[in-house]
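These are review notes for a colleague who has not seen this model before. Please read them beside the sequence and the structure.

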Amino acid sequence: MDPDAAQTARESLDLAFHMSNILDTGLDRHTLSVLIALCDLGLNPEALAAVVKELQREPTPQAPMPSSSSPLP
């Protein structure tokens with residue numbers, strides 16, 4: 001990618017990230033860049049948005065807490 005194209009891509013991502021923050025989407029810069037790349041590859045943006053919303057609704061799994069009754073080596 002030539003330097004001008006790389007600069008334009010960075011500026012576009014910065015703008016999209018700023019809009020994402022204003023809309024309080026909860027997306028980080030990396031996730032947003034992946035979603036934009038998927039759209040560039042032809043994936044349906046509405047379908048991607050539905051998947052992101054569904055994933056955000058699901059609770060994140062918690063790591064099991066170690067049992068206090070087990071002896072330490």
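The numbered points below go from the overall layout to single residues.

1. Basis. This is a predicted model, in which local features need pLDDT of at least 70 and side-chain atom pairs count only at pLDDT 80 or more, while totals for chains, interfaces and linings use all residues. Residues are numbered from 1 along each chain as its sequence is written, and side-chain values use heavy atoms, with hydrogens and water left out.

2. Layout. The protein has three helices and zero strands, and its elements follow the order α-α-α from the N terminus. Helices (H or I, at least four residues) and strands (E, at least two) are DSSP runs, numbered from the N terminus. Of the 73 residues, 14% are buried. Buried means under 20% relative accessible area, exposed means over 50%, and partly exposed is in between (1.4 Å probe, protein chains only).

3. Core. Which residues form the largest nonpolar core? Its eight members are Leu-13, Ala-16, Phe-17, Leu-27, Leu-32, Leu-35, Leu-48 and Val-52. Helix H1 (3–22), helix H2 (29–40) and helix H3 (45–57) each give two or more residues to this core, and H1 supplies the largest share, three residues. A nonpolar core here is a set of buried Ala, Val, Leu, Ile, Met, Phe, Trp, Tyr and Cys residues joined through side-chain atoms within 4.5 Å. In soluble globular proteins, nonpolar side chains tend to be buried together.

4. Phe-17 and Ser-20. Contact means heavy atoms within 4.5 Å. Leaving aside neighbours within four places in sequence, Phe-17 is in contact with Leu-27, Asp-28, Arg-29 and Leu-32. Ser-20 lies in helix H1 and is buried, at 5% relative accessible area. With neighbours within four places again left out, Ser-20 has contacts with Thr-25, Leu-27 and Leu-32.

5. Thr-31. This residue belongs to helix H2. Is Thr-31 buried or partly exposed? Thr-31 has a relative accessible area of 29%, so it counts as partly exposed. Its C-alpha atom is separated by 9.9 Å from that of Phe-17, 14 residues apart along the chain.

6. H2 against H3. The axes of H2 and H3 come within 10 Å and cross at roughly 150°; axes are lines fitted to C-alpha atoms, for helices over the stretch in contact, and angles run from 0 to 180 degrees between N-to-C directions. The two helices are therefore roughly antiparallel, a label for angles over 145 degrees. On the H2 side, Leu-35, Leu-38 and Cys-39 meet Pro-45, Leu-48 and Val-52 of H3.

7. One joins the side chains of Arg-29 and Asp-14, at 2.5 Å from N to O. Arg-29 is in helix H2 and Asp-14 in helix H1, so this pair ties together parts that are 15 residues apart in sequence. Arg-29 is partly exposed at 36%, and Asp-14 is partly exposed at 40%.

8. Arg-57 pairs with Glu-54, the closest N and O atoms being 3.0 Å apart. Both residues lie in helix H3, three residues apart, about one turn of the helix. Arg-57 is exposed, with 60% relative accessibility, whereas Glu-54 is partly exposed at 38%.

Notes
A salt bridge is a side-chain nitrogen of Lys or Arg within 4 Å of a carboxyl oxygen of Asp or Glu. Angles under 35 degrees count as roughly parallel, over 145 as roughly antiparallel, 65 to 115 as roughly perpendicular and the rest as oblique.
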